[in-house]
Amino acid sequence: MSPQGPPTDPEPRQLHPLPRGLVELYGLMAVLFVLVPEWMAGGALFGFRDGRQGSELPVPSGAWRRLPELRLATMGLGDLRRLARHQGISGYACLNREGLTERLLLQMRQRSSEVRDLL
């Protein structure tokens, strides 16, 4: 057996470019099927904002201060474990993200109820 290299083509493949009209047609279709509906949806959503009265969503920063679930959802696993260590939760290293989040939320709820009981 003699070592042979990879087979080589005697002639390189000849690629045939698409006709210019077909390329322009694809470009027009992309604009019509993707960009125009996006523009229309954005305009419609912006128009709905003017008709609402008293149903504005809360400012995200306010909701993030009130709801610990939002803060924990944005944290990485390393940050969650550091928080668990700081909070004194035992066995946090073997927990996955969901379990660790549940334990942290449970402890936060217990501490907030203890504070309410003191008041």
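Guide: Let's start with a term: a nonpolar core is a set of buried Ala, Val, Leu, Ile, Met, Phe, Trp, Tyr and Cys residues joined through side-chain atoms within 4.5 Å. Keep in mind that this is a predicted model.

Visitor: How many helices and how many strands does the protein chain have?

Guide: Walk along the elements from the N terminus and you read α-α-α-α-α. The tally for the protein chain is therefore 5 helices and 0 strands.

Visitor: What percentage of the residues of the protein chain count as buried?

Guide: To count as buried, a residue needs under 20% relative accessible area. The protein chain has 119 residues, and the share that count as buried is 13%.

Visitor: And what share of the accessible surface belongs to carbon and sulfur atoms?

Guide: The accessible surface of the protein chain comes to about 10,600 Å². Carbon and sulfur atoms account for 62%.

Visitor: Which elements give two or more residues to the largest nonpolar core?

Guide: That core has 10 residues in all: Leu 72, Leu 80, Leu 83, Ala 84, Ile 89, Tyr 92, Leu 95, Leu 100, Leu 104 and Leu 105. The elements giving two or more residues to this core are H4 and helix H5 (97-118).

Visitor: Within what arc do the buried residues of H4 fall?

Guide: Helix H4 covers residues 77-87, and its buried residues are Leu 80, Leu 83 and Ala 84. Look down the axis of H4 and these buried residues line one face of the helix, because they fall within an arc of 100°.

Visitor: Which exposed residues sit on the face of H4 turned away from its buried side?

Guide: Residues three or four places apart in an α-helix point the same way, because there are 3.6 residues a turn. On H4, the face turned away from the buried side carries the exposed residues Arg 85 and His 86.

Visitor: Is Thr 101 buried or exposed?

Guide: Thr 101 lies in helix H5. Apart from neighbours within four places in sequence, Thr 101 is in contact with Leu 72 and Leu 80. The cut-off for burial is under 20% relative accessible area, so at 16% relative accessibility Thr 101 counts as buried.

Visitor: Which residue's backbone oxygen does the side chain of Gln 107 reach?

Guide: Gln 107 is also in helix H5, and it is buried, with a relative accessible area of 15%. Its contacts, leaving aside neighbours within four places in sequence, are Gln 87 and Ile 89. At 3.2 Å, the side chain of Gln 107 reaches the backbone oxygen of Gln 87.

Visitor: What separates Arg 20 and Glu 24 in helix H1?

Guide: These side chains meet in a salt bridge (3.2 Å, N to O). Arg 20 is exposed, with a relative accessible area of 66%, while Glu 24 counts as partly exposed at 45%. Because they are 4 residues apart in helix H1 (residues 20-51), Arg 20 and Glu 24 are separated by about one helical turn.

Visitor: At what N to O distance do Asp 79 and Arg 82 meet?

Guide: Asp 79 and Arg 82 are 3 residues apart in helix H4, so about one helical turn separates them. Asp 79 is partly exposed at 34% relative accessibility, and Arg 82 is partly exposed at 47%. Their side chains meet in a salt bridge with an N to O distance of 2.4 Å.

Terms used
Residues numbered from 1 in each chain as written. Predicted model: local features only at pLDDT ≥ 70, side-chain atom pairs only at ≥ 80, totals over all residues. Heavy atoms only, no water. Buried < 20%, exposed > 50% of the residue type's maximum accessible area, 1.4 Å probe, protein only. Arc of directions from axis to C-beta. Contact = heavy atoms within 4.5 Å. Areas by Shrake-Rupley, 256 points an atom, 1.4 Å probe, with all protein chains shown as cover. Polar contact = N/O pair within 3.5 Å; in protein donor to acceptor, adjacent residues only side chain to side chain. Salt bridge = Lys/Arg side-chain N within 4 Å of Asp/Glu carboxyl O.
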